Amino acid sequence: MGADARPSGERAAGGRGAARPWTSSRARCPALPLLPFLVVFLAAPSVRAAGYETCPTVKPNMLNVHLVAHTHDDVGWLKTVDQYFYGIHNNVQHAGVQYILDSVICSLLADPARRFVYVEMAFFSRWWHQQTKATQDVVRDLVRQGRLEFANGGWVMNDEASTHYGAIIDQMTLGLRFLEDTFGNDGRPRVAWHIDPFGHSREQASLFAQMGFDGFFFGRLDYQDKLVRKAKLEMEQVWRGSASLKPPAADLFTGVLPNMYNPPDNLCWDVLCADKPIVDDRRSPEYNAENLVAYFLKLAKDQSQFYRTNHTVMTMGSDFQYENADMWFKNLDKLIQLVNAQQQANGSRVNVLYSTPACYLWELNKAKLTWSVKQDDFFPYADGPHMFWTGYFTSRPALKRYERLSYNFLQVCNQLEALAGPAANRGPYGAGDSAPLNEAMAVLQHHDAVSGTSKQHVADDYARQLAAGWTPCEVLLSNALARLSGSKEMFTFCHNLNTSLCPLSQTAKSFQVIVYNPLARKVNRMVRLPVSKHVFLVKDPSGAVVPSDVVTMPSSNVQELLFSASVPALGFSIYSVSQVPGWRSRPRPPESRFQKSLSWIKSSFHVRSLLVKPSSHDLTIQNEYISARFDPDTGLLMEMKNLEQDLLLPVRQAFYWYNASTGNQLSSQASGAYIFRPNQQKPLFVSQWAQTRVVKTALVQEVHQNFSAWCSQVVRLYPGQRHLELEWTVGPIPVGDNWGKEVISRFDTSLETKGLFFTDSNGREILERRRDYRPTWQLNQTEPVAGNYYPVNSRIYITDGNMQLTVLTDRSQGGSSLSDGSMELMVHRRLLRDDNRGVGEPLLESENTGLWVRGRHLVLLDKARTAAVGHRLQAEKELLAPQLVLASGGGGTPYHLAVSPRKQFSGLRRELPPNVHLLTLARWGPEMLLLRLEHQFALGEDMVGNLSSPVTLDLRDLFSAFTITDLKETTLAANQLRAKASRLQWTPNTGPTLEPSPSRLDPAGITLQPMEIRTFLASVRWEEES
Ligand SMILES: [Zn+2]
C-alpha cells in the first residue's frame, strides 16, 4: 500500500474527526486595520514572472521546505453544499466553511509572513458576498500581497473521469470570472490544484494548459505508478495533454504531491486532529520541540530524495481544516522558527518557509531543468492491489444522465439568451436567467457530485439544484422564443418524455412543437411524443403536411406520434399537430416473436397481435444504411451491416452482471460507490435469451427485447440514420439475494483487436488502451476486470484496423475490452456494502425501491479510416440534441404588433463546416457575448476526407440576430486576453518548445487547427425588432 493510502481506507486524513465543542475564533481576531497593510515586498519585479512578485525569499544553497497551508472544501459530499458552508450537522462531519474563511483571514492579519491557499469559488464567492466592505478591502490587500493565494479557482475542483470537457470549461470559467471581477490580475490563479480527484485525465491537463495555468499539482495516482516515479525521480514532469495541439499549447508542468494532500504524520495541528502541539518551553514536562525538530528535519530530507530540486513541498491541511486557523498557524510559526534556528545553531541546511503552490512552482521553474514528458493519462487509479477506483465511472447513472441532459439544456439557454438579447431576461413570462443553471451545473462537476460518490441525501440535493436551475432557464426560453418567433404562446416543457409522459400532447386536440437546434448545422430529428388514441396531421413551418405515424409501445400500450423535424442551424422550426376529427387511430399490430413465456404481455390488444404465427425466418431491421439481424432462437442481436460501406460484422449483444465483492481472503475490499471489485472475473447472464416484439412502420423499425423483469431494450432504426440505437432500461436491480450487482451491456465480435481498445478523454481526444498494460510502468495486474476499466465519457471503440465498432454513450460510464473483439459498458450498479472510502453508505439508490435507469447506446460500424466522421458528428448531435418546447394550439398573441410571426428561424447566416463545433455562445455582459469555436477533429483522424485539416471561418455577418462590433480573443476560460497571456516556459526532454506569438486577430479569417478551441469576447449590437 502506498504511503498515501490509508490502511483504514479513509478517503482523506482529516475529514472524519469527531465533533467537538467549539470556541469562537472570531473573538481572537484582531480588529480590522484602518489602513491597508503596508507590507512592502522588495523583490525586483524584473526578475520575477508576472504573478510571482510576492513570493517569499528562499535560500539557494539549502533544502527549502515550502509549507502550504490549505483547506480542502468539498462542494458537497457527506453534507450538502449549504450544510458545509454554514456548518450544519456537525455530527455527520465537523465542517463549516464560513468559519474557516473567517478564521483564516484573522490569522493571516496577525502575521504578515503567514500565507494560505484557497481553491473552491462556490464557497469563497458566497462568503465574499456576505462580508462588509472593510473586510473585503482587507482581503483584497491580502490577495495583492500574495498572502492569500487562489489555486485552481474553478467553481469547484472538478472530477476528471465522469465530466465532459464542455462542462469543465464552463465551471472553470465561472470561478475564474469571479476572481477576475473581484481581484483582477492579483487574484488570477497560476497553478491548477486537483489534490483529491480519483485519477487524472489527459484532457484535463490540456484544458488547464489552454486556460493559461503555469503548472498543475495533484495528490492521487496509482500506488504502483507512484513507487516507480519516486524511484525514477519523475514525480514532477511535463504532461503533454494533446496529441493534436502543437507543443507547448497543451503542455502542462505537473507535480505529484508527496503526501496526497495531507500533512506529514504527527504534524497535523488542526482542531480536527489529535497530534500534539509544539511545546517549546523546556521547563514543561510536555516539552517536545527538540524531538519534533529532529523528526521534521529527517522527514524533509527523506521526502526531498524523490524530487529533483532543492525545494520540496508539504501540504499543511486537509478536508475542512482551519476552522480554528490559529491552532495551525501558531504551531507552523513555531516550527519555522525552531527549524530555521538550527541553521545558526548547528549549521543545518534546511530552510522552512510559508509558501504557496505558485511560489513552489516558481522555484521549480527557476531551476531550469529538463523534464521528462508524459503523454498518456492517470487512469485507472488504485490505492492497493484490489482497490481500483473504477466503480465511480458508472455510480449513480441517473444523476450522470441528468447532468449531461442539463449540459444540453444550459447550452440551449445560453444560446437563446445570446440570440434574443435583453428580451430573453425580461419578457412576458417574467425574469429569465441562465445563471442559476450555470451555477448548478458547475456544482455538479465537483469530484463527489457527478462522480456519484456522495451520500444519497447529497445526491438528491445536487438533483434539486439542477431542477431549480432549469426553471429560470425555461422562463428565458419562453421569452426568447416569443421574441424570435414574434408570437406569445402558452409554452410547455415536457420533462418526462423518457417515460412517455407529456400532459399537453396527450390531451390537446391541437398543439405546436417548437424544435430548437443548438448545433451550427441543420439537423433532422425524429420527434416522438406520447399522444391520445387519434389520428394526427403534422404540418411543417411552411404549412405542408409531413409524414407522421402513431406507434403503440408494446410494453406500455402508450401511443407515440412520430415525425421527422428539420431544423436550421442555431434556430428553430415550429410544427403544428392536430387531431383529424372523427378518426381513431388503428395502429398496426406489432409483429411478434416470443419465446418460452408470454406472461409479460398484458394488453389484450397485444394478445391479439400474438396470434400472428412466430415466423421462422430471420428477424431483421434495416434502413438505407444499416441492417441489424437478430438470432431467431435467442432474440439477441447477432449481426450488423453497414450497407453503404458493404461491411458485415457478427455482433452479439447481451446484458450481464458482476457479483459485487464484499471482500475475500485476498482483501477485505468491497465494491462500493468508488471501488469496482467483482467477486469473479466472469459476469453472469441477465438472461441468455430475450422475448422480442417488433414494430415496423415507415418511420421506425424497432425490436423490443425483454431480458428479465428488470432488464429490457429497444433496438431501433429510423430512416436516414447511420447508427443502430439501443435504448436500454435496467432496474430496479434486485438485491433480495443479498448480492450486489453491477450490470453491463457487452458486445462480442470476431474482430481481432490484439488487446487494444479506445476510449475518449472527457468527450474529446481519444486514448488507446491496452489490456493489462500501462504505458509508463510494468503493471502487476491484480484485478483483471476492474484494473482494465476506463472512463468512457462519450465513446468507446474496437477495431481490427479495417473495421471499427464504436459505441456512443449518453452519459459517463465505465467500460473495457476484456477479451479481443469484445467491448463492455457498465450501465447500472446496486451495492450492499460501503467501500470504506469515507462516504459510509452502500450505493443502494435507493434503499427500499431501487432505481430504474434508461439510457441509449448508439452503435456505429464503419471502415476504420472513415469512422471518425461518423462518431464525431453523431456524438455532437447527441450532446447538443434539439430541445422540444410545446405550446397549446389555440394560437398565441403577437409579441410585437408590427411583427408578423415566423415559424422558422436561424441564428446563423451560413452553417459552420462539419469540423467546427460551436462550443459556447453565451451572454457575458450587457452588450458582450462569449463565443467559443472548436475544431472537433483530431490530427490525422479523418484519413479520407479533409475534416482533420485546418479550417478558416469568417465571423463577419455570421450571426443573424446580432452584429459583432468588436472581437477580442482570450485564453480558454476567458479570464485573460490572449495577446497579454504568457506562461512559464519549461524545457521538455523531447526538445525545446516555443509559445508562438499570437497573430493579429482578423474576424474575416479565424483559423482553427485540429482540436483547437478559440475563445472570444464579442461586443455585439442586437438587431432592432423589425
Ligand atoms: Zn474532495
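# A guided tour, from a cis proline to the cores

Select proline 380, in the loop between E11 and helix H11 (397-420). This is a predicted model. The peptide bond leading from phenylalanine 379 into proline 380 is cis, and its omega is near -10°. Most peptide bonds are trans.

**The sheet next to this loop**

Step back from proline 380 to E11, the strand at one end of this loop. E11 belongs to an open sheet of 5 strands. Read across the sheet and the order is E4-E5-E7-E6-E11, with mixed pairing. Strand E4 (191-194) and strand E11 (373-374) are its edges, and each pairs on one side only.

Now select helix H6, residues 202-210. H6 packs on this sheet and touches E4, E5, strand E6 (236-240) and E7. The direction of H6 makes about 120° with that of E7.

Colour E5 (residues 215-218) and E7 (residues 251-256) next. The two run parallel and are joined by 4 bridges.

**Two loops around E6**

Go to proline 248, in the loop between E6 and E7. Here is another cis bond: the one from proline 247 to proline 248, with omega near 10°.

Leucine 233 is not a glycine, yet its phi is positive, about 55°.

Compare alanine 974, in the loop between strand E48 (962-970) and strand E49 (987-988). Alanine 974 also has a positive phi, near 65°. Its relative accessible area is 8%, so alanine 974 is buried. Most residues other than glycine have a negative phi.

**The zinc site**

Select the zinc ion. Which residues coordinate it? The donors are His72 (NE2), Asp74 (OD), Asp196 (OD) and His447 (NE2), at 2.0 to 2.1 Å. Along the chain they follow the spacing H-x1-D-x121-D-x250-H.

Histidine 72 sits between strand E1 (63-69) and helix H1 (81-86). Histidine 447 sits between helix H12 (435-444) and helix H13 (456-485). They are 375 residues apart, so the pair links distant parts of the chain.Histidine 72 has 0% relative accessibility and counts as buried. Histidine 447 is likewise buried, at 0%.

Check the geometry. The 4 donor atoms subtend angles of 93 to 159° at the zinc ion, which makes the arrangement irregular. The tetrahedral cut-off is that all angles lie between 85 and 135 degrees.

Select strand E8, residues 311-316. How many of its residues are buried? The count is 6 of the 6, so E8 is largely enclosed by the rest of the structure. In a regular strand the side chains alternate between the two faces of the sheet. Show the side chains of E8: His311, Val313 and Thr315 point one way, and Thr312, Met314 and Met316 point the other way.

E1 and E8 pair in the parallel sense, over 6 bridges. Valine 68 stands opposite threonine 315 in E8.

**Two cores**

Display the largest nonpolar core, which has 255 residues. Those with the most contacts inside it are Phe124, Leu148, Tyr322, Val513 and Leu805. H13 gives the largest share of this core, 12 residues.

Zoom in on tyrosine 322. Leaving aside neighbours within four places in sequence, its contacts include Ala69, His70, Ile100, Phe116, Met316, Trp328 and Phe329. Asp270 is also among them.

Then find the second, separate core, of 26 residues. Tyr223, Ala654, Phe655 and Tyr658 are among its members.

**Last stop: a sheet of 3 strands**

Select E17, E21 and E20, which lie in that order in an open sheet with antiparallel pairing. Strand E17 (523-531) and strand E20 (548-552) are the edges, each pairing on one side only. From one strand to the next, the twist averages 30°.

Focus on E20 and strand E21 (residues 559-567), which run antiparallel and are joined by 5 bridges. End at threonine 552, whose bridge partner in E21 is glutamine 559.

Methods
Residues are numbered from 1 along each chain as its sequence is written. This is a predicted model: local features need pLDDT of at least 70, side-chain atom pairs count only at pLDDT 80 or more; totals for chains, interfaces and linings use all residues. Side-chain values use heavy atoms; hydrogens and water are left out. Two strands pair if DSSP finds at least two bridges between them. Contact means heavy atoms within 4.5 Å. Axes are lines fitted to C-alpha atoms, for helices over the stretch in contact, and angles run from 0 to 180 degrees between N-to-C directions. Donors are N, O and S atoms within 2.8 Å of the metal (3.2 Å for Na, K and Ca); water is not among the atoms, so sites may look incomplete. Four donors count as tetrahedral if all angles lie between 85 and 135 degrees; four count as square planar and six as octahedral if opposite donors are over 155 degrees apart and all others between 65 and 115; anything else is irregular. Buried means under 20% relative accessible area, exposed over 50%, partly exposed in between (1.4 Å probe, protein chains only). A nonpolar core is a set of buried Ala, Val, Leu, Ile, Met, Phe, Trp, Tyr and Cys residues joined through side-chain atoms within 4.5 Å.
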